[in-house]
Amino acid sequence: MTSSGTRQGMGMLTLGALGVVYGDIGTSPLYTMKEVFNPSHGVPLDAQNIIGAVSVIFWALMVVVTLKYVVLILRADNRGEGGIMALTALAAAGTPARRTVLLLTGVLGAAMFYGDSVITPAISVLGAVEGLESITPAFKPFVLPISVAIIVALFMVQRFGTGAVGKWFGPIITVWFAVLGVTGALQIVQQPDILAALNPLEAIAFLQARGWHLFLIMGSIVLALTGAEALYADMGHFGARPIRLAWTGLVLPSLALNYMGQGALLISDPGALASPFYRLFPQTMLIPAVLLATAASVIASQATISGAYSMTKQAIQLGLLPRMRILNTSEQEYGQIYVPLVNWVVLAAVVLATVGFGSSSALASAYGIAVTVTMFITTLLTFFVVHHVWKYSLTLAVAATAAFLVIDAVLVISCSLKIMQGGWFPLVMGAAIFAVMATWKRGRELLVEHIRNDDPELLPFITSLSEDETAHRAARTAVYAVANSGTVPQALMHNIKHYQVLHEQNLIMTVKFEEVPKVAEAERVQVTPLVKGFWRVQVRYGFMDEPDIPKALGLCAKQGLPIDQDAISYFLSREIVVPTRGAGMAHWREALFATMSRNAGSVADFFRLPHNCVVELGTRVQI
């Protein structure tokens, strides 16, 4: 590729990153400054405090986003992929004890991400639509209904995919950041004293003056950082370089100019605190500003919704959630998926949050705790990557992450002070999702253990079958999908007992999802001959791969096992879980696991098996 072609490709990736990655953090100016100087915080609205608060915001963006995410964490790619699941898999490679603890830590971070997926659409859309009040107070009664209507419409169109409108995301967000920068710069020119906020000593002095109240203030400052996790989560889609270019070239300068512009406005006109963002615009430009802000908030919401789908798919393939119906919404773009169950559950939660809290200010109390816990876990996992994966010394690993851990801890404590004012909402959501994930993972382990203990060993059983020359053999290939390849599949015993038939080719197949994003096609299948007519086949996928068993079995020919795709019968076993009191899990968790197992999505759909070739048998298992 020519250098001009390379530059063009990089430009398109950078534009795409702007639209997908930076929508959330880009809409933070809608409500952050208003919340920092919320009267309940007791911070006097004078020039010194305004300069100090803007300085804290600016340097928080520099330290947390630029140094932590852009410089350090974007380096922690798991074979090109990012996000808390990819980071967890990377950090957990090592001793079993550390692996278990880190996996549970990563699961907690993933669970908290869902809380962010609920709060972001609610606060972003409300914050944008509240601009109608700046046009005329008569619009105030209509803010909530309009916000709910926009949110419902956004979720209703998810099943059509984002391809049709996604191409506009980058240009719209680019215009949004340009407007942020220009409106902020115009105010700075009128009140250049705000440029003192570039001095970090102003931030330090402001926080020192707050005393123990600094935790209360930092709980609002963190609103300027929400969306930072998206830089890492979406790295697999765009690559680290376009994300870095977008941040340093446009996003950071625009955000800095806008926050300083709002500060300059508040110095000149303290009465603008009611809506410092929209007061940056002249009255004649308010309607276009509201429309642009609403478009930006919808894009910010879309990114978190799509993130919830991707997180769910990864969690399913890592064995943390039951199978769900997952639809691909684009034949060209990898990763554009739609998960109906997640869509409707998140929609219900977003509408409840929007109506229940009623305003962006009220939601600001709920926002932050989920984000900061995830940020803290990301930094903690990065320490293990730096020390154990990259093999840097303990001293260097601590030096690289300790300061960020302290900052993240302060942010978590700050947001924890708002638990009673709404912070409980994402915490309850996160705790519920964590319980579901932990229960499903432990339940599957117990299920496999019981199957291993109850079913006869495979090799002695099939050895006796292979020596029986009188057994009738059907001229087809039988694929027995099993969780444990060391015991006899129930379907095989049913075939022998009830139909007295054995197939010419019998594949004992297990599917393993590795804790890596993708598995190379050359490593997809492993074929092991057992006895005459029997083979053990292991199919491997990464948690970002699209499972396709027929396609994978086509690769067996390279390992000496040609398979006629038109003569295959897939035998699946659906375990009917019966919870029992005693060993295993708590009874309520066993009941929850049984319910999830009973309602799990179709194995045939999940693995793209042709339905006219599938035979499914039920087996009762007590755990």
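**Cysteines, surface and distance**

Tutor: Happy to! Cys556 counts as buried because its relative accessibility is 0%, where buried means under 20% relative accessible area, exposed over 50% and partly exposed in between (1.4 Å probe, protein chains only). This is a predicted model, in which local features need pLDDT of at least 70, side-chain atom pairs count only at pLDDT 80 or more, and totals for chains, interfaces and linings use all residues. Residues are numbered from 1 along each chain as its sequence is written, and side-chain values use heavy atoms, with hydrogens and water left out.

Student: How many disulfides does the count come to?

Tutor: A disulfide is a covalent bond between the sulfur atoms of two cysteines. The rule here asks for a pair of cysteine sulfur atoms within 2.5 Å. By that rule, the number of disulfides is zero.

Student: Which cysteine sulfur is nearest to that of Cys556?

Tutor: Cys556 takes part in no disulfide. At 16 Å away, the nearest cysteine sulfur belongs to Cys613.

Student: Is Met156 buried or partly exposed?

Tutor: Met156 lies in helix H8, residues 140–156; helices (H or I, at least four residues) are DSSP runs, numbered from the N terminus. Its relative accessibility is 38%, so Met156 is partly exposed.

Student: What separates the C-alpha atoms of Pro460 and Val290?

Tutor: Pro460 sits in helix H21, residues 458–466, and is exposed, with a relative accessible area of 51%. Along the chain, Pro460 and Val290 are 170 residues apart. Their C-alpha atoms are separated by 72 Å.

How values were computed. Helix = DSSP H or I, 4+ residues; strand = E, 2+ residues; numbered from the N terminus.
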